[in-house]
Amino acid sequence: MNKKYKIAIVGVVALGLVGLAMLGVLFLSSHSIVLLNPKGMIAEKQRALMIEAVLLMLIVVVPVFVLTFGIAWRYRASNKKAKYSPDWDHSRILESIWWLVPLAIMSVLAVITWFSSHELDPYKSLASDVKPIKIQVVALPWKWLFIYPEQHIATVNFMQFPARTPIDFDITADAPMNSFWIPQLGGQVYAMTGMSTKLHLIANEAGEYKGSSANLSGRGFAGMKFVAKASSQVEFNQWVHTTRLSKSSLTIDSYNELAKPSTDNSPAYYSLPMSNVGLYDTVVMKYMMP
């Protein structure tokens, strides 16, 4: 192949790679990727963990891709200058590199995983001087029910809580297995019938954050979304007071009606009678009885 054509091919490939890199940067700068834009302490630590893991793995991945293209170019059929060594099948230096380097990376990842698994345990309470707020989550087909047992209110597909206040979630399901997820505040936790799982999150600042289901659960799965709003303590107290005055009351009868399958549900607000404060436990235990 003519030398000019070779240089042209290399130039085109290089320009293509630079172009792809620029498109990637442009996309990231003009689009908000929720996992990379955390608004909570747990989400920030999870983002840092993801970035650390990716960078460590790139120590192996990048050289592999570079060597792949380099070797293919170096030992192409038209390159008569490349040294042909059919009997060369062992190099202690190279063997040491491609065994010890990945081993070192895996060791570092193992240590990071060990400590982060304990630090980011969803069952672990968050240290704070502020009293946590308890929210009980029930996955229904295909909507989310949020119960505030201490405030005596309940909502559908909308929740509100004070910013910079720990949130203790109790999560279950009265429907097929689901998964509760607010990406900008933390990772997902499964909601399962007859079981109660836990999740502890905190929002660092006021704002509205998108929540969704992270587990396929039937035909209404795509519309199983909700809004998690972090506000000031004063705004939260006002919202609680207004919701308590709601004409809709979450009794056993109204809950049974709510639990029927429905799709693309708008937010709804309920007062919670004292007689029905234990609704969450009732939902869990209904699958435990004979």
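Me: Hi! Which residue stands opposite Val156 in strand 11?

Reply: Ala268 stands opposite Val156 there. Strands here are DSSP runs of E with at least two residues, numbered from the N terminus. This is a predicted model, where local features need pLDDT of at least 70, side-chain atom pairs count only at pLDDT 80 or more, and totals for chains, interfaces and linings use all residues. Residues are numbered from 1 along each chain as its sequence is written, and side-chain values use heavy atoms, with hydrogens and water left out.

Me: Thanks! How many bridges join strand 3 to strand 11?

Reply: Four, and strand 3 (residues 153-156) and strand 11 run antiparallel. Two strands count as paired if DSSP finds at least two bridges between them.

Me: What is the strand order in the sheet?

Reply: The order is 8-5-1-2-3-11, an open sheet of six strands with mixed pairing. Strand 8 (197-201) and strand 11 (268-271) are at the edges with a single partner strand each, so one side of each has no neighbour in the sheet. From one strand to the next, the twist averages 20 degrees.

Me: And which helix packs on the sheet?

Reply: Helix 4 (residues 233-244) does, touching strand 1 (133-140), strand 2 (143-148), strand 3 and strand 11. A contact means heavy atoms within 4.5 Å, and a helix is a DSSP run of H or I with at least four residues. The direction of helix 4 makes about 90 degrees with that of strand 3; axes are lines fitted to C-alpha atoms, for helices over the stretch in contact, and angles run from 0 to 180 degrees between N-to-C directions.

Me: Back to strand 1: is it largely enclosed or left open?

Reply: Strand 1 is largely enclosed by the rest of the structure, because seven of its eight residues are buried. Buried means under 20% relative accessible area, with a 1.4 Å probe and protein chains only.

Me: What does strand 1 pair with?

Reply: Seven bridges join strand 1 to strand 5 (residues 167-173) in parallel, with Ile133 partnering Ile167. Strand 1 also pairs with strand 2, antiparallel, over five bridges, and Ala139 has Trp144 as its bridge partner. A hairpin through two residues links strand 1 to strand 2.

Me: Zooming out, what does the chain span along its principal axes?

Reply: The C-alpha trace spans about 85 × 40 × 40 Å. In total, the chain has six helices and 11 strands, and 35% of its 290 residues count as buried.

Definitions and conventions:
Buried means under 20% relative accessible area, exposed over 50%, partly exposed in between (1.4 Å probe, protein chains only).
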